[in-house]
Amino acid sequence: MRAPRVSSTGHSPPIYAEVAPQGVTCSLLYDYPRKSPRFGLLAPSADDIARAVARKDKQVLQPSPAMAANQLGLSTQVPSIPTYMTDGPTRTKTVGQQVIQFRNASPKTLVGAGSKTGMVFQALRYLGKDRVDDQVIGKIARALDAKYRAQLAKQSTQVPAWMHPVIGQIVAHA
């Protein structure tokens with residue numbers, strides 16, 4: 001069983017790995033492989049790889065606006081290259097044949113990073129103020145429980161002013 005090594009420059013040297021009892025170890029990442037009865041060992045998802053890289057580099061991670069809108073069901077567009085906003089440097093990582101982009105973002109863009117609320121803020125950025133309607137507000141509100149709606153209200157002070165009334169409607173929607 002082999003796994004790709006990822007270098008800090010984003011290049012993949014020849015594949016190698018050490019096999020541990022529970023998974024595969026690379027020089028920078030560790031994966032517990034999932035096994036499918038139909039397909040055998042499954043490669044880690046882009047989200048799993050991105051979280052592992054961010055955890056290793058001690059960075060915050062937020063899906064890009066297009067990814068967030070897709071994950072919340074607000075868009076059918078699926079980005080061809082998974083892109084994440086981070087407080088680290090802009091770079092591209094290649095793990096096997098999986099290419100993942102990390103883009104440096106301001107703290108204002110990373111409000112709520114790593115939680116559902118951050119995904120909501122990113123999705124709203126993707127849609128823009130002109131494309132947010134009652135249907136979008138209802139869909140977002142249904143995706144959040146009371147805990148996340150309260151968290152959304154607290155964090156809304158750090159987002160652009162046009163989002164404040166939208167967040168208020170999401171929080172009030174029950």
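What follows is a short tour of the nonpolar cores and the salt bridges.

## Before you start

This is a predicted model, where local features need pLDDT of at least 70 and side-chain atom pairs count only at pLDDT 80 or more, while totals for chains, interfaces and linings use all residues. Residues are numbered from 1 along each chain as its sequence is written, and side-chain values use heavy atoms, leaving out hydrogens and water.

## The cores

A nonpolar core here is a set of buried (under 20% relative accessible area, 1.4 Å probe, protein chains only) Ala, Val, Leu, Ile, Met, Phe, Trp, Tyr and Cys residues joined through side-chain atoms within 4.5 Å. The largest one has 23 residues, and Leu74, Val120, Leu124, Ile140 and Ile170 touch the most other members. Helix α3 gives the largest share, 6 residues.

A second, separate core has 11 residues, including Ile49 and Met67.

## The salt bridges

The structure holds 3 salt bridges (a side-chain nitrogen of Lys or Arg within 4 Å of a carboxyl oxygen of Asp or Glu). In one of them, Arg51 meets Asp48 at 2.9 Å, N to O. These two residues sit 3 apart in helix α1, about one helical turn. Helices are DSSP runs of H or I, at least four residues, and strands are runs of E, at least two, numbered from the N terminus.

Lys56, Asp57 and Arg91 are linked in a network. Asp57 pairs with Lys56 at 2.6 Å and with Arg91 at 2.7 Å. Arg91 lies in strand β8 and Asp57 in helix α1, so this pair ties together parts 34 residues apart in sequence. Arg91 is buried, at 18% relative accessible area.

Methods:
Buried < 20%, exposed > 50% of the residue type's maximum accessible area, 1.4 Å probe, protein only.
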